[in-house]
Amino acid sequence: MAQSTETDWVSRFADDVIAESERRAPGKPVVVASGLSPSGPIHLGNLREVMTPHLVADEIRRRGYEVRHLISWDDFDRYRKVPNGVPGVDPSWAEHIGKPLTSVPAPAGSAYPNWAEHFKAAMSEALAELGVEYDGISQTAQYTSGTYREQILHAMRHRGDIDAILGRYRTKDKGGAKAPGGGQKQKQQKPVDEAEIEAAEGSGAADEDDGSGGAGGYYPYKPYCGRCGKDLTTVTAYDDETTALTYTCTECGFGETVLLSEFNRGKLVWKVDWPMRWAYEGVIFEPSGVDHSSPGSSFVVGGQIVREIFGGVQPIGPMYAFVGISGMAKMSSSRGGVPTPADALKIMEAPLLRWLYARRRPNQSFKIAFDQEIQRLYDEWDALAKKIADGTALPADAAAYSRAVRTAAGDLPRTPRPLPYRTLASVADITAGAEEQTLRILSELDPAHPLTSLDEARPRLDRAEQWISSQVPAEARTVVRTEPDKELLGSLDEQAAESLRLLVEGLDDHWSLDGLTTLVYGVPKILAGLEPDAKPTPELKAAQRSFFALLYRLLVSRDTGPRLPTLLLAAGADPVRTLLGA
C-alpha cells in the first residue's frame, strides 16, 4: 500500500478507509457517500460534500481497489421554502411547500419534469466536467419503490428505543421543559465569517425534525398526505402486527389508515433516515458539515441509532468547514445569487477548481474567487505547475496538483498553452472578445514563439473572457481612446514630454510582453540617469507611478487599468504613437 506523506490529508484518509473497509467488508467494494438535496441551486459549499469523498475515493482507485462513490439525491425531502433569485420562480411556488421535491413543478421554462430534476441536472453536468465518478441514488425512487420497507417497519417497531436515544439530546425549551418528540432542530449560534457559505444548508441535514409526537406517542416516520401531497401530517396510531398506520393532515384535514407494509408515500425522519442508509449501503466514509459536530446533531445521534437500532457502524466522518466566495456574504441555497459549481466552471478551468478543494484539509475553510483575486489564484496555480515541472514542489503540493489535473481514469482536459490568466483577462477586456484582434495581441506576447491559433489558449481564454463579461462591471471595463487628449498633451512639462518620446522611440525594438515591460519600467530610470538594472528606490518608484498614471490617462482616460505592457500590445503600435502625441 502506498504510504501517505505527513501533510497529505487525502492519502491519510485513504489509508484509514481501506483498513476499515477490509475490517468490515473484506473483498467488497469500498463505499463512500455524499448527500445532496436539489432544493435549489446546489452551490459551491455543497460541492465540498462531494469533493471530499471523491478525492479519497479516487486515491483508493489509484491503488487498485474497487470503489463506489454514492451520491444520494435527497429528492424525497420536503420543499421547505421558495428560494430567491431563481429565474422562472415566483411567490406562487409557496403553495407547494411541504411536498416532496420531485412533486414540485420545475421553474417556468425548464426542460425538466420537476423541481428536483431541474437542479440535479446542473450539478450533474458540473460533476462530469470535474471528473467525479459516482453512482447516483434517487431517494424518491428508493422510498416509492419500497426499497426501504423492511428498514421502515424495523424503525417503527423500535420507535420507543429511537425516542429514548433522541431524548438524550433533546434541548429544553425556554420554559425549561423538554421539547416533545418531533421538536424541530435547535440551531446553535456560532461565529461565522460573513463571506462563508453554509455548506450543509440545502441538504437533508438542514431540516433535522426528529419525528412526530403527541397523544399517539413518538413515530420516526412521516407520511405525505393522500389529498394535498404535503408532509404536514401527524401519525396518530400504529399497530406493529398489522402495520396499520393512521394519520391526519393539519393542512387540509384529510386523514386515513394505511398498511405501512404496502404504503410508499412517506419517509423516515432525517435523524433516522441517514443512519438507516449507512447500514443499508455499508458506507465506510462520509463527511459532514460543521453543524453536525455539535451534541444532538444528526451525525452524532446517527452514530448511536445506526449501532443500537440498525446494527450497523457509523462511517468515518470528517467534519468539513465552510467554503466562502470572495466579496460575498454568507449564503444558503434558499437565498438568491449563490454561486454554483457551474458558475465557477464558467470562469475557471476544472483542474483549478479541483485544486482549491484538494489542497485544503476538510476542516480548513477557504474562499473561491469571483473577483480580482482569481488572477492571483491563477498565478499561484501556474507557479505550482512550474515547480512540478522542475521537480521542486513539496510532496503535499505535488499530490494536490496531481489530484487536480487527473483522476484514476485519466487526465482532465487542459489548456495546451496556458498563458497568464491576468494577461488573457486584460486582452479580453480591451478587445471585447474580437477574435482577430485577440489573436494578433496574443501572438505578439512572445514573438520568438508566437501563438498561431486561439485554440492553443483555450479553454483558459474562454474562461477569462467569461470572467470579464460576467464579473467586471461595465464602468470598470477598459476602453482605449480613439483620439489623443490634446489638452493633456499640451499641458505636459519638458520631462513628461521626454518620457513619452523615449517610450515611442523604443516601441519597435521592445514589441513583446517582456520587452514592453522592460521599456515602461526603464523610461523613468533613463530620465533619472540610472542604469537599466538599477535597484528601485522610493524616488524611482514614485517616478514610475507618475509615468504609469500619465500613460493610463492618455490611453484610457483613467489613472489605472490593465497592466501597461498588455494594454500597449492590445492598442497596437500605431494607435499608441498617435495617442501619445508622436
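**Sheets, rings and salt bridges**

Colleague: Which residue of E7 is the bridge partner of Tyr-238?
Modeller: This is a predicted model. Strand E6 covers 233–238, and E7 covers residues 244–249. The bridge partner of Tyr-238 in E7 is Leu-245.

Colleague: How many bridges join E6 to strand E7?
Modeller: The two strands run antiparallel. They belong to an open sheet in the order E6-E7-E8. The number of bridges joining E6 to E7 is 5.

Colleague: Why is one side of strand E6 and of strand E8 left without a neighbour in the sheet?
Modeller: The order is E6-E7-E8. Strand E6 (233–238) and strand E8 (255–259) stand at the edges of the sheet. One side of each is left without a neighbour because each has a single partner strand.

Colleague: What is the average twist from one strand to the next there?
Modeller: The sheet has 3 strands with antiparallel pairing. From one strand to the next, the twist averages 25°.

Colleague: In the sheet E1-E2-E3, is the pairing parallel or antiparallel?
Modeller: This open sheet also has 3 strands. Strand E1 (30–36) and strand E3 (135–138) stand at its edges. E1 and E2 (residues 67–73) are joined by 7 bridges. The pairing in this sheet is parallel.

Colleague: Which residue in E2 is the bridge partner of Gly-35?
Modeller: Gly-35 bridges to a residue of E2, the strand of residues 67–73. That partner is Ser-72.

Colleague: Which helix packs on this sheet?
Modeller: The helix touches E1, E2 and E3. Its direction makes about 155° with that of E2. It spans residues 115–129 and is helix H3.

Colleague: Is the aromatic pair of Phe-547 and Phe-548 stacked, edge-to-face or tilted?
Modeller: The structure holds 20 aromatic pairs. In this one, the centres are 6.3 Å apart and the planes make 45°. Stacked needs under 30 degrees and edge-to-face needs over 60, so the pair counts as tilted.

Colleague: Over the face of which residue does Arg-359 lie?
Modeller: Arg-359 is 4.2 Å from the ring centre. The ring belongs to Trp-355.

Colleague: Is Glu-59 buried or exposed?
Modeller: The relative accessible area of Glu-59 is 9%. Buried means under 20%. Therefore Glu-59 is buried.

Colleague: How many residues apart in sequence are the parts that Arg-403 and Glu-59 tie together?
Modeller: Arg-403 forms a salt bridge with Glu-59, with the closest N and O atoms 2.7 Å apart. Arg-403 lies in helix H12 (residues 395–405), and Glu-59 in helix H2 (residues 47–62).

Colleague: What N to O distance goes with the salt bridge of Glu-59 and Arg-63?
Modeller: Arg-63 counts as buried at 17% relative accessibility. Glu-59 and Arg-63 are in a network of salt bridges with Asp-8, Asp-15 and Arg-403. For Glu-59 and Arg-63, the N to O distance is 2.8 Å.

Colleague: By about how much of a helix are Asp-574 and Arg-577 separated?
Modeller: Their side chains meet in a salt bridge (2.9 Å, N to O). Asp-574 is exposed at 55%, whereas Arg-577 is buried at 19%. Both lie in helix H21 (residues 573–579), 3 residues apart, so they are separated by about one helical turn.

Definitions and conventions: Residues are numbered from 1 along each chain as its sequence is written. This is a predicted model: local features need pLDDT of at least 70, side-chain atom pairs count only at pLDDT 80 or more; totals for chains, interfaces and linings use all residues. Side-chain values use heavy atoms; hydrogens and water are left out. Two strands pair if DSSP finds at least two bridges between them. Helices (H or I, at least four residues) and strands (E, at least two) are DSSP runs, numbered from the N terminus. Axes are lines fitted to C-alpha atoms, for helices over the stretch in contact, and angles run from 0 to 180 degrees between N-to-C directions. Rings of Phe, Tyr and Trp (its six-membered ring) pair if their centres lie within 6.5 Å; planes under 30 degrees apart count as stacked, over 60 as edge-to-face and the rest as tilted. A charge sits over a ring if NZ of Lys or CZ of Arg is within 6 Å of the ring centre and within 35 degrees of the ring normal. A salt bridge is a side-chain nitrogen of Lys or Arg within 4 Å of a carboxyl oxygen of Asp or Glu. Buried means under 20% relative accessible area, exposed over 50%, partly exposed in between (1.4 Å probe, protein chains only). Contact means heavy atoms within 4.5 Å.
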